[in-house]
Amino acid sequence: MAATTLTAANLADLPADVPGPSYDRSAVSVGIVHFGVGGFHRAHQAMYLDELMQQGQALDWGICGVGVLEADKKMAEVTEAQDDLYTLVLKHADGRREARVIGSIVDYLYAPDDPEAVLDRMTDPATRIVSLTVTEGGYHKNASTGEFDDRDPAIQADIAAEPGSPPRTTFGFLVEALRRRRDDGTGPFTVMSCDNIQGNGHVAHAMITAYARRRDPELADWIEANVPFPNSMVDRITPRTTDEDREELQANTGIVDAWPVVCEPFTQWVLEDRFAAGRPPFEDVGVQVVADVEPYELMKLRLLNASHQAIAYLGYLAGYRYAHEVAGDELFAGFTRAYMDREGTPTLQPVPGVDLDDYKATLIERFANPAIRDTLARLAAESSDRIPTWLVPVIRTNLENGGEIERSALVVAAWARYAEGVDESGEPIEVVDTGRAEDRIAAARRYPDEPLAFLSDRDLFGDLIDDERFTTAYRAHLDALHTDGARATVEALEQRLGR
Ligand SMILES: NC(=O)c1ccc[n+]([C@@H]2O[C@H](COP(=O)([O-])OP(=O)(O)OC[C@H]3O[C@@H](n4cnc5c(N)ncnc54)[C@H](O)[C@@H]3O)[C@@H](O)[C@H]2O)c1
Ligand SMILES: O=P(O)(O)OC[C@@H](O)[C@@H](O)[C@H](O)[C@H](O)CO
């Protein structure tokens, strides 16, 4: 098969079964600046905009991506070489692949090279939305107090910088751009968070204004009064792109793409309708634009993301390395579904238009899609940002209401066992937890002398360590994980609790 390097000039040479932009990309202008162009943004928001553009809509809502981290240099190089084009490959469970080339990202700026260019984009009146997928850690929220946490050195540097000087962090850029827009009368843009955080808009609002307050209280007041931060629920399982994905794409289609994105066919976006200066007509491409996102967020984070945590640690300890292997194992799939039914679901609000039984059954099917090859290592990374935001609130609510907590306690114990850094066969585990890995590993290794040491960090677990019902369950599970291993522990628990 003839090789086609992905560039604007080569779009006409795409194979017939790989559609590309049918719209004139030179007519697309930037209306959205996006921080954190990773796999998920390219599989989700950029895809929805591309669909609108295919319908001849939203041509004034093109995306300019921004990377602020050293690690984003690679994305800058690839987008430059490929005219911001990339291939999106949907992987169906039956082995089918559906590829298309996405054209809605039309510019990319690597902020450390030219921070003023980023600010120019953000202060351009045509920019009406600044969206974010900067991961849970990118919001600088202390999980226990809920307050802004300024301990990140880059954030400290931005807080201390001279007024008007070039920022380094996402918050620094947002607040400086808003200051300039206030001062020159351009007015606000909307800050649209698309990260997996409960109340992501509320959290972005609270953290960004807290940051702004440290620099300029009047500006913080102006942001409070003028900038909308809509909440959203976002969903599409998007694993990291691998070399095999690149090779497979080329072998199947001839397309040479340095950074394609692969994901599951399922996609969902529930978005609160609160924008300062308009928005694309997202509902025309299946986005659920609603007044209250909270019930959907809780459903997704407490069923999907919290279940991912169960699958990750228990599955890894049991010797699996991929999500579909764990979800395809009846014992672990049954445990996960029982967590959802008995512990996650009782903490949810009624979710308009959703049959929760169907939703949960679909989740297990999605996890079990063998084509996705989502690694447990991806799901188990950055646990300190995930367990406290997704699972701890479930445990707290159930403790308050006299609900069940046994399975959640086992997931927390499995994290502690995983964080010891050695699996059940004595092989090392790479514990990825930015800024906290050393501390987590040290706390985990205080077992068995101090069996509750892992729970003693109140930033992560609040007062769970003071609740005897929880600590009794946690201790028993942690002991069992050490003496019997993950599989036997889950088996015994499921036998004891039944369904
Ligand atoms: N991958 C998924 O399945 C998925 C699904 C739904 C939602 N999400 C959300 O999207 C986020 C990103 O996921 P991804 O798969 O694209 O990851 P990724 O690693 O491919 O990309 C993450 C991007 O965020 C940037 N980033 C990370 N920390 C940052 C910080 N402190 N400040 C600024 N930028 C920062 C990175 O530089 C990168 O551009 C997740 O954390 C989650 O909240 C992901
Ligand atoms: O991306 P994170 O760090 O928020 O969480 C890991 C996974 O649970 C998550 O990426 C899911 O795959 C995703 O939320 C599915 O929509």
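Reply: Crossing angles are sorted like this: under 35 degrees is roughly parallel, over 145 roughly antiparallel, 65 to 115 roughly perpendicular, and the rest oblique. This is a predicted model, so local features need pLDDT of at least 70, side-chain atom pairs count only at pLDDT 80 or more, and totals for chains, interfaces and linings use all residues, while side-chain values use heavy atoms, without hydrogens and water. Residues are numbered from 1 along each chain as its sequence is written, and chains are lettered from A and ligands numbered from 1 in the order in which they are written.

Take helix 16 (residues 406–418) and helix 19 (residues 468–484). Helices here are DSSP runs of H or I of at least four residues, strands are E runs of at least two, and both are numbered from the N terminus. The two axes come within 8 Å and cross at roughly 50 degrees. Axes are lines fitted to C-alpha atoms, for helices over the stretch in contact, with angles from 0 to 180 degrees between N-to-C directions. Helix 16 and helix 19 are therefore oblique to each other.

The crossing is right-handed. That term applies when the near helix is turned clockwise from the far one by less than a right angle; anticlockwise gives left-handed.

Now the contact (heavy atoms within 4.5 Å). Helix 16 supplies Glu-406, Ala-409, Leu-410, Val-412, Ala-413, Ala-414, Ala-416 and Arg-417. Helix 19 supplies Phe-470, Ala-473, Tyr-474, His-477, Leu-478, Leu-481 and His-482. By class, 11 of these residues are nonpolar, two polar and two charged. Nonpolar covers Ala, Val, Leu, Ile, Met, Phe, Trp, Tyr, Cys and Pro; charged covers Asp, Glu, Lys and Arg; the others, Gly among them, are polar.

Rings of Phe, Tyr and Trp (its six-membered ring) pair if their centres lie within 6.5 Å; planes under 30 degrees apart are stacked, over 60 edge-to-face, the rest tilted. The whole structure has 13 such pairs. The rings of Tyr-316 and Tyr-418 have centres 5.3 Å apart and planes at 85 degrees, so this pair is edge-to-face.
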